Amino acid sequence: MVGTPVLFIAIPLLAAFLIPLLGMIWKELVRIVPGLVLTYLLILAVNLLVHVLAHGPVVEVIAGWVPPIGINLVFSVFSGFLVTLMIFLGLLVWAYSYRFKRNVDYEPALKYFLMLMMLITGSVGIVLTGDIFNMFVFIEITSISGYGLTAFYKGRDSAEASFKYVLLGSVASTFLLLAIMIIYSQLGTLNMADIANKIHLMNPTLKIVSYIFFVTALGIEAEIFPLNGWAPDAYAEAPGPVGAAFAGIVVKASVYAIIRYTFTIFDLSGAFNFLIIIGMITLIVAETAAIRQEKLKRMLAYSSIGQMGLVLVAFGFGTEEGVFAALFLMLNHAIIKSLLFFSGSYLVYNSKCKYIKEVNGMSKFLPVTSLLFALGAFAIVGLPPFAGFWSKLSVMTAAADSNMILIMVLVLMVSVVELVYYLRVVNRIYFFKKETAIEPKKPTFNALVVMIVLGVIILAIGFYPDVVTGVLHKASASLMDKSQYIHHVLSLRQ
Amino acid sequence: MEMIHIIFLIFLGGAVLTYFSGKISKVLQDIFFLASVLVPAYLFFAYVGAGREATLSLGGITLIWGVNHFSWLFSLIVLGLGSMAAIYAIGYMKGKKRKGYFYFNFILSIMAMMGILLSIDLISFFIFWEIMTWSSYLVTIYNGHDIQRIGIKYFVFSAIGAYAMLMAIVIVHHLTGSFLMSSMINFYPNMSLSMQIWIPVMFLLAFGVKAAMMPLHVWAPDAYSNAPMAYTSIFSGALSKMGIYGMVIVLVTMINQIPQGFWFREVIAWLGGITAAIGTLWAIKQDDAKKLLAYSSVAQLGYIITGIAIGTELGMLAGLFLAVMHALFKGTLFMVTGAIEKQTGTTNFNEVTGLIRKMPWTFIAALLSIIALAGIPPLGGFVGKWMLYESLITSNHYLLVIVIFFSSTAAFLYCYKFLFGFFLGQEEKEWAHVKEAPAVMVVPMLIMAVMMFVLGTFPGIILKPINSGLMDLGFVDSFKHLWESSVILNVWGNHVVLQPILYWIIGIFVFFMIFLTWKGFKTTRYVSTKDISSSGEVPADDENLTFSVGFMQPFMRAVAPAMRRQIDKYYNGIADGLESLFEFIRRIYTGNGQTYTIYVIVFVVIVLLFKNILF
Amino acid sequence: MKKVLVILLLATLGYYVAGTYFDIGFGQPHFIKGLLPVKDIYLAQTVKSLKVSNAVTSIVVNFRGFDTLGEVTVLFLAVTALGSILYKKMNVLGERSVLFSSSSIVTSGSKLLFPAIILLGFYVFIHGHLSPGGGFQGGVIIASGFLLMLLAYENYSVSHTALSVVESLAGITFAGVGLLGFMHGGTFLQNFLPTGVLNHLFSGGIIPIIYIAVGFKVGAELTGVIYTVLHEKGESNG
Amino acid sequence: MDNTLFGYLNYAVYGTAVLVILIGLYGTMVKKSLLKVVIGLSVSDSGLNLLIVAIGYYKGGTAPIFSPGFLENFKSVSKMVDPVPQALVLTAIVIGFGVTAVALALVIRLYRHHGTLNIDEIKNLKW
């Protein structure tokens with residue numbers, strides 16, 4: 001027995017409802033239990049992933065009703081890989097934020113860890129679910145946790161950031177529901193595989209309109225360019241680990257959703273080029289906006305947005321190579337950007353405004369953190385022999401094989417921009433004199449361990465990419481094989 | 001596991017060990033550092049031969065390393081100069097901060113250069129190319145001076161070049177389905193014309209940046225002068241040769257194969273010539289030895305580029321021979337500068353003078369390398385330059401000859417400035433305490449100086465490997481005695497030597513010089529700089545009357561119009577323009593949530609309006 | 001200017017959205033012919049296997065019960081987020097700002113109505129599987145009863161601990177019943193109780209249990225929301 | 001589409017729902033007061049819910065409840081309105097409530113912090 005996908009949702013929910021009660025027994029439990037849950041889920045995810053790699057996707061039905069009647073969860077190699085990645089990152093975020101701020105009261109701590117756990121659960125749900133309305137519910141779970149976490153700190157402008165997020169999030173859910181209802185009114189089903197099976201019967205205009213609404217709604221969460229106004233603010237104002245969770249978990253889930261719609265559910269041929277266009281615009285605008293930022297976390301946020309644009313571009317090639325490259329990018333981005341957020345948070349820990357110039361000369365006070373930040377910066381701009389290089393190489397190879405010369409030129413030009421602003425920050429950390437009187441804060445032990453683990457992973461992937469490429473190849477093959485997905489879901493019998 | 005694997009492992013492990021052993025003991029760190037450069041060098045020359053290939057499979061791509069005669073030639077430069085610079089660095093870095101950081105990047109640079117030379121496939125070529133870039137970048141910003149400008153400029157140029165190369169590599173992979181260099185070369189004649197032109201251009205962009213070719217050279221003076229001198233000697237001496245290495249490969253295996261190649265070669269040769277002229281002019285203007293040598297490096301690389309781009313056998317021979325010589329003499333000169341910096345704390349000609357009696361061995365090394373640089377027989381530089389002129393004239397590039405000749409003559413001016421500014425001239429009291437640099441720094445310089453002399457007299461030592469290297473590349477098909485095409489060389493038994501007649505001329509000249517010096521010594525009187533009066537005015541104490549102040553004013557005035565337009569300024573203009581554009585883009589995010597909502601609606605409406613085109 | 005732009009944009013958007021839905025058609029079968037919409041299966045199975053008379057309830061709690069679990073979580077998270085956003089360090093709850101106190105008619109009338117409202121709420125969610133209504137509706141009614149009391153009595157207080165215990169227990173019941181089904185029948189939220197007879201109170205298997213839990217949970221959560229917001233002291237620049 | 005009264009109703013119901021959504025969006029995008037913005041969100045939610053429920057409606061349909069009299073009359077099943085949109089709208093309402101509650105809490109925080117409800121003055125985070 002390797003466990004089933006539904007436990008990824010049920011266990012955290014049960015724990016979420018239990019935690020307030022447990023907190024009444026011993027206050028420390030509210031911090032510990034989410035970690036235990038995430039550890040359990042990680043073990044489960046790895047087990048399942050190994051099982052799925054050997055035996056093909058696991059489809060789980062809920063409430064005993066087979067698809068398309070009931071809701072189902074699909075743990076294929078593709079979704080399983082993402083789930084494992086997300087839970088792993090979630091565990092790291094939890095470990096990092098354990099005692100991130102020492103003086104946080106019991107109540108906020110309870111709420112913080114609850115919302116963090118639900119943020120992860122919601123994202124996992126988005127990836128696992130096989131039902132478009134269920135996905136909407138999980139998106140809302142993720143969003144509301146996101147709103148709460150963004151506004152977690154008092155005294156800053158976090159409420160403002162969170163309000164923008166709420167505003168755009170509501171618009172997103174409006175469009176999402178409009179799109180879902182168009183699909184439902186035509187096909188009479190909400191199951192993804194069933195829809196994918198029948199989508200060719202739909203009136204093309206309705207199909208296109210609903211696809212547009214889907215992309216708009218999910219694009220708001222996935223930070224596509226004109227829709228991502230909330231993202232820099234939310235990243236910058238949320239607690240440091242939450243920024244990492246946004247970049248590494250939430251956005252991944254939303255991108256997954258867009259990809260699932262584009263690759264599996266809809267059969268629009270123009271959708272791939274559309275992804276390339278919006279991804280390219282996102283990449284260019286975000287990376288160029290990042291270079292002029294004055295605040296560290298805002299810069300990281302824009303960089304993260306840009307990377308997601310690149311992921312969309314890579315998916316937009318529509319080839320298996322492109323998917324592989326995109327997945328590799330997602331993996332690297334999740335790991336590296338988390339490291340950058342983690343170490344960056346400590347570099348500007350006690351500063352009020354988190355200006356980039358406040359990292360000047362921090363290497364003397366926080367040598368390990370600075371080194372890891374530099375490692376992350378080198379890795380994310382794709383310098384060999386760090387992890388980012390291999391994903392960049394695979395993106396380029398995929399682009400060349402799709403004959404997208406212009407895309408390659410643009411992506412590489414943007415990479416130069418990215419290089420410049422990351423190097424500027426690293427130079428500041430190492431070679432500038434400290435200007436402000438802000439006291440640097442030493443990272444806590446668990447935070448240090450988390451950062452070092454991430455650094456080691458970056459080096460490991462960089463020096464030996466084969467540790468992940470095997471899984472990634474299988475995952476991309478599993479995404480490309482649409483009929484297999486439909487078959488696996490719909491062949492279940494009562 | 002092949003020897004090449006072991007070599008790379010020693011480099012890598014050595015770099016890490018060196019870095020961390022600094023926490024335990026400084027001496028241990030030095031030992032580790034030396035070992036991790038010298039041991040692989042020994043292993044390479046002792047055990048690695050042509051034909052053996054080492055492979056490593058990473059991420060579904062097979063990386064293949066092996067050595068041929070051509071890369072062996074450049075390995076000689078890298079490892080030879082690298083070992084010398086490593087020994088020198090022990091002395092140079094003594095007592096400096098961030099020692100581990102410097103050593104780490106030094107070793108990685110050597111490793112990366114070796115990796116580039118040994119790469120048979122394009123991916124490992126690119127990987128090592130990038131490692132070389134960032135490790136040299138990290139050393140460039142070592143002293144933290146103006147790094148946001150100098151360091152970033154270097155990295156941006158390198159990155160643009162490297163990304164162009166990456167594009168070429170993946171396009172080649174798309175066309176041939178393989179990352180092997182040989183399959184690219186074999187497929188090249190079958191490509192479409194535009195690809196036949198674009199792929200070499202993209203490669204040359206990368207190589208041109210590293211070789212400081214004309215419009216791409218602006219990073220070089222700053223980066224060369226900013227890095228610690230122990231590193232600059234390999235930076236300018238060996239690292240820039242990686243650009244030359246790549247250029248030769250591209251020129252020989254690709255551009256020579258197509259009829260349009262002629263124009264390619266002309267353009268590159270001219271760019272090389274212009275680089276040489278510009279570099280020389282700017283070098284004369286400098287008051288800082290580091291800057292002077294940096295510009296001089298740019299100029300010398302210009303000669304080399306011209307030589308290899310001419311395309312005749314003699315030109316190629318001249319270019320490669322000059323490349324080896326440049327590594328020797330420019331490496332030595334940077335070491336000399338480093339020694340002076342170490343002992344006096346400055347490298348400004350206007351401050352340091354009269355060190356000849358304080359640092360005699362350094363002076364001898366400087367003298368020999370200056371002679372080599374200026375191309376005066378019997379040192380190696382002469383042979384190279386002679387062959388270059390000869391090849392240019394025989395291939396009817398008369399205008400180019402004039403340019404090269406002009407810059408090489410003008411180069412005497414800065415050579416003189418370097419020699420006179422530091423070593424000759426009056427002794428200042430300020431430098432009375434200066435001592436000779438430690439032996440660990442002097443010995444490498446002297447070894448290299450002797451090498452220059454040996455190579456000048458027996459150029460065959462290098463010419464023969466060049467010949468077989470070019471044969472491996474397919475530039476010459478059988479063992480031709482390339483040197484026979486030059487009138488300056490003579491075959492003497494098994495050796496290739498300089499024409500003996502030259503030695504007679506030199507001998508008479510040297511005798512005459514010694515005679516004059518001897519005569520001069522008798523009447524020499526040592527006075528301070530201030531011991532002069534001009535038009536009855538006695539100079540004040542704070543007046544700087546060092547020889548090199550205002551050096552060559554009339555000449556500089558004459559060439560001023562040519563130097564007014566700095567390419568640097570154009571690049572800065574582009575960068576500033578881009579930054580303001582980016583600032584404008586940033587303003588899209590107005591900070592008002594309602595505006596963002598409007599963006600969403602605008603997005604939806606636009607997509608809806610164009611839905612028939614998009615889908 | 002901005003307004004005109006927005007109106008133009010919205011008009012275009014409206015044109016497309018309305019056009020799309022006009023294409024779908026109102027009040028007539030709009031499913032593509034030849035497909036079996038899931039609603040037919042739902043309607044058939046509601047009676048056949050679940051013995052639940054309210055089809056909406058059977059969909060909400062059983063067929064799409066997973067959505068409802070998520071929905072309950074959303075509510076739970078909203079309360080959590082609310083508490084986190086409005087959390088203040090020193091005094092957890094501020095003084096209520098009261099403009100004028102209620103008259104005795106209001107207070108005694110509210111007291112009179114309160115049990116009735118609560119009772120109605122209970123009725124609505126207990127009979128969720130038989131008649132229109134259900135856990136959410138019942139919960140809201142209960143919360144409105146508490147709202148009435150809070151409005152009438154300026155110092156009426158609800159135990160925060162009690163609310164959170166109810167909330168948690170109800171949530172645990174929902175998830176726990178789901179997991180019991182998982183242990184019992186192999187799938188999450190699977191019915192493992194006898195379904196009984198259609199239109200009887202004790203029918204529908206686990207559906208009433210879940211709906212009662214949802215009712216308690218929604219009631220507690222909404223009351224919590226009201227209570228937190230009411231006690232938010234209006235100090236500016238805090 | 002037939003030209004009966006019902007044909008016009010077709011336009012009327014969907015049209016109203018879409019109009020309500022648009023009015024809500026207009027409020028969100030143009031009104032300066034934060035409260036009005038939140039109200040706008042709420043209004044557009046309502047319009048959306050109306051739209052969803054309207055999709056499930058069939059001409060002359062009955063509530064999807066099998067009350068005792070209905071039991072054997074299986075013909076009536078086909079007369080029932082679609083229960084799925086109703087179930088979905090229940091979820092949508094609850095989620096809308098949650099979002100509105102969070103939004104209002106944020107408005108309270110913002111008012112506490114800035115002392116104003118004007119959205120143009122709350123622009124500390126930009127560029």
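Helices here are DSSP runs of H or I with at least four residues, numbered from the N terminus. "Buried" means that 20 or more other C-beta atoms lie within 10 Å of a residue's own, with C-beta atoms placed from the backbone. Residues are numbered from 1 along each chain as its sequence is written, while chains are lettered from A and ligands numbered from 1 in the order in which they are written. Because the model is predicted, local features need pLDDT of at least 70 and side-chain atom pairs count only at pLDDT 80 or more, whereas totals for chains, interfaces and linings use all residues.

Stay with α8(B) for a moment. It has 18 residues and reaches 27 Å from its first C-alpha to its last, close to the 26 Å expected at 1.5 Å a residue; the expected span is 1.5 Å times one less than the number of residues. Its buried residues include Ile199(B), Pro200(B), Met202(B) and Phe203(B). Just after the helix, Ala212(B) takes a positive phi of about 55 degrees.

Why is Gln196(B) counted as buried? Because 20 other C-beta atoms lie within 10 Å. Leaving out residues up to four places away in sequence, Gln196(B) touches Tyr188(B), Met191(B) and Ile258(B); residues are in contact if their C-beta atoms, placed from the backbone, lie within 7 Å. The C-alpha atoms of Gln196(B) and Met254(B) are separated by 8.0 Å, although these residues are 58 residues apart along the chain.

Further along chain B comes helix α14 (residues 360-374), whose 15 residues reach 21 Å from first C-alpha to last, close to the 21 Å expected. Thr362(B), Ala365(B) and Leu368(B) are among its buried residues. The buried residues of α14(B) pack against α13 (313-344), α15 (380-394), α16 (398-422) and α17 (439-457) of chain B. Gly375(B) follows the helix with a positive phi near 80 degrees.

Now step back to the whole of chain B. An automatic or database domain assignment divides the chain into domain 1 (259-498) and domain 2 (566-614). The C-alpha centres of these two domains of chain B lie 50 Å apart.

Where does chain B meet chain A? In this contact, 44 residues of chain B touch 46 residues of chain A. On the chain B side, α5 (122-140), α6 (147-176), α21 (567-586), α22 (593-609) and α23 (611-614) each supply at least two residues. α6(B) gives the most, with 15 residues. By class, this side of chain B has 30 nonpolar, nine polar and five charged residues; Ala, Val, Leu, Ile, Met, Phe, Trp, Tyr, Cys and Pro count as nonpolar, Asp, Glu, Lys and Arg as charged, and the others, Gly among them, as polar.

Chain A also meets chain C, in a contact that takes 48 residues from chain A and 49 residues from chain C. The largest share of the chain A side, ten residues, comes from α5(A). That side divides into 34 nonpolar, nine polar and five charged residues.

Definitions and conventions. Buried ≥ 20, exposed ≤ 12 C-beta atoms within 10 Å, placed from the backbone. Contact = placed C-beta atoms within 7 Å.
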